[in-house]
Amino acid sequence: MTRRLRAVLLLLSIAPALGAQVADSTHTDKGVPTSVISLNPFLLVVPILTGDFEHTISPAFTFGIGATLSRVKEWNNYTVLDAKLRFYPGETALRGFSIAGILGVATAKGDVSYPVYTSYAPDVDASGRVTKVTFGTELSYQWLLGPKQNFAIALGLGVKRFIGGGSYLFPIETEVMPTARISIGVAF
């Protein structure tokens, strides 16, 4: 297991504990979930791990982190870590329609076996890895199901812009990339 994968999994595992320390005055009922942790259910079929942690900060807003790790050859070890501020216009945080603002960092390893790549991509380091800051937005819908509303399903679409992109030699060298969110998880 790589150091980056271990670091992301550690961050995702401690995020609920960090979120629990935030004072939450939005829900006085102890039975109402205030956080969701979820994963992409297609991990068994496609070698892409996507996870999210989201915590309620007011009736209309949540703050969360998301991570994507891809080992698909065409995506060149693409890895992303995002911070997300999500707005629920119905003031039902964690439930229903939402729009998110996203700020993050993405990295991918390119093929440096061809010298022409490094001449067209000056931001590539010696190992062929490119790292970019990203920002974007996402529209999604999340359901909390079950008698205790502790089973979460989320679907969403978005777009992400890479700051400083442009050569198309590596996945994150494009200027804009569409994103999708399909996840299942636990609300607590």
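## Secondary structure and the model

Helices (H or I, at least four residues) and strands (E, at least two) are DSSP runs, numbered from the N terminus. By this definition the chain has two helices and eight strands, and from the N terminus on its elements follow the order α-β-β-β-β-β-α-β-β-β.

The model is a predicted one, in which local features need pLDDT of at least 70 and side-chain atom pairs count only at pLDDT 80 or more, while totals for chains, interfaces and linings use all residues. Residues are numbered from 1 along each chain as its sequence is written, and side-chain values use heavy atoms, with hydrogens and water left out.

## The chain as a whole

Residues are called buried under 20% relative accessible area, exposed over 50%, and partly exposed in between (1.4 Å probe, protein chains only). Of the 188 residues in the chain, 40% count as buried. The chain exposes about 10300 Å², of which carbon and sulfur atoms supply 67%; accessible areas come from the Shrake-Rupley method with a 1.4 Å probe, and for residues only the protein chains shown count as cover.

A contact means heavy atoms within 4.5 Å. Among the contacts in the chain with a separation of 6 or more, 57% are accounted for by residues 24 or more positions apart.

## Ala-93 in its loop

Ala-93 is found in the loop between strand E4 (79-87) and strand E5 (96-109). Because its relative accessibility is 2%, Ala-93 counts as buried.

When neighbours within four places in sequence are left aside, Ala-93 is in contact with Thr-56, Ser-58, Pro-59, Phe-61, Thr-62 and Tyr-88. The C-alpha atoms of Ala-93 and Glu-54, which are 39 residues apart along the chain, are separated by 9.8 Å.

## Two aromatic pairs

Rings of Phe, Tyr and Trp (its six-membered ring) pair if their centres lie within 6.5 Å, and planes under 30 degrees apart count as stacked, over 60 as edge-to-face and the rest as tilted. By this rule there are two aromatic pairs. The rings of Phe-61 and Phe-87 have their centres 5.1 Å apart and their planes at 40°, so this pair is tilted. Because Phe-61 lies in strand E3 (residues 61-70) and Phe-87 in strand E4, the pair ties together parts that are 26 residues apart in sequence. Phe-61 is partly exposed, with a relative accessible area of 32%, and Phe-87 is partly exposed at 31% relative accessibility.

Tyr-141 and Trp-143 form an aromatic pair that is also tilted, with 4.7 Å from centre to centre and 55° between the planes. Tyr-141 has a relative accessible area of 37% and is therefore partly exposed, and Trp-143, with a relative accessible area of 34%, is partly exposed.
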